[in-house]
Amino acid sequence: MIKANESPWKYLVMWLRYYYAFHYLKSGLYFVIFNYVPDFSKAGPVGPYLTEMHNVGFYPFVKYLEVVLGAMLLFNWFVPLALIVMAGITVQISYLNLFVSPHPRQTFTGTQELLINGSLLLAYGGYYVDYLRKKAEPLFLWEGFKNRKG
């Protein structure tokens, strides 16, 4: 059987990883560098929710997290971990864009988030196999490193 890293698909996965990294970096850096906050009053039904996210400090937290996660993808650091954290953000963005405020631009964004994050989660899915154990016993982090192959 062909390994993922030895097939031509590795180039598509690499391109998706870079695209998603730049997508997250662009989104986060607009806030971090320029303190750019969109006008939530024009966001339709999701506007009040986003305003309150910003008021309680969760919106800035997510933007800084986007910068960190984008850098992790760009530099190929802890990619499986970054994708799991991004999955939570992806679900939130997709839900808001597809169901709460389904405008054509938002519908594209929500679908794009789901497709890219889902594709990358599948591409790196081999790293998550240990999570699918039917029964698991406690295993400290440092013990996991000892038992790991390669």
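Throughout this passage, buried means under 20% relative accessible area, exposed means over 50%, and partly exposed lies in between (1.4 Å probe, protein chains only). The structure is a predicted model, in which local features need pLDDT of at least 70 and side-chain atom pairs count only at pLDDT 80 or more, while totals for chains, interfaces and linings use all residues. Residues are numbered from 1 along each chain as its sequence is written, and side-chain values use heavy atoms, with hydrogens and water left out.

We can start with the interior. A nonpolar core is taken here as a set of buried Ala, Val, Leu, Ile, Met, Phe, Trp, Tyr and Cys residues joined through side-chain atoms within 4.5 Å. The largest such core has 16 residues, and those with the most contacts inside it are Tyr-20, Tyr-24, Leu-69, Leu-73, Leu-83, Met-86 and Leu-120. Two or more residues each are given to this core by helices H1 (9-34), H3 (58-74), H4 (79-100) and H5 (104-123); helices (H or I, at least four residues) are DSSP runs, numbered from the N terminus. H4 supplies the largest share, 5 residues. A second, separate core of 8 residues includes Phe-31, Phe-40, Val-46 and Tyr-59. In soluble globular proteins, nonpolar side chains tend to be buried together.

Leaving aside residues up to four places away in sequence, Leu-83 touches Leu-73, Asn-117, Leu-120, Leu-121, Tyr-124 and Tyr-128. Thr-90 is found in H4 and counts as buried because its relative accessibility is 2%. In H5 sits Gln-112, which counts as buried at 11% relative accessibility. Beyond four places in sequence, Gln-112 touches Tyr-19 and His-23.

Helix H3 deserves a paragraph of its own. H3 has 17 residues and reaches 24 Å from its first C-alpha to its last, close to the 24 Å expected at 1.5 Å a residue, where the expected span is 1.5 Å times one less than the number of residues. Buried positions in H3 include Tyr-59, Pro-60, Val-62, Val-67, Leu-69 and Leu-73. Among the elements that cover the buried residues of H3 are H1, H2 (47-55) and H4. Just after H3, Asn-76 takes a positive phi of about 60°.

The structure holds 2 salt bridges, each defined as a side-chain nitrogen of Lys or Arg within 4 Å of a carboxyl oxygen of Asp or Glu. Lys-63 pairs with Glu-66, the closest N and O atoms being 3.2 Å apart. Both residues lie in H3, 3 residues apart, about one turn of the helix, and both are buried. An α-helix has 3.6 residues a turn, so residues three or four places apart point the same way. In the other bridge, Arg-133 pairs with Asp-130, with the closest N and O atoms 3.5 Å apart; both of these residues are exposed.

Tyr-30 lies in H1 and is partly exposed, with a relative accessible area of 41%.

Definitions and conventions:
Contact = heavy atoms within 4.5 Å.
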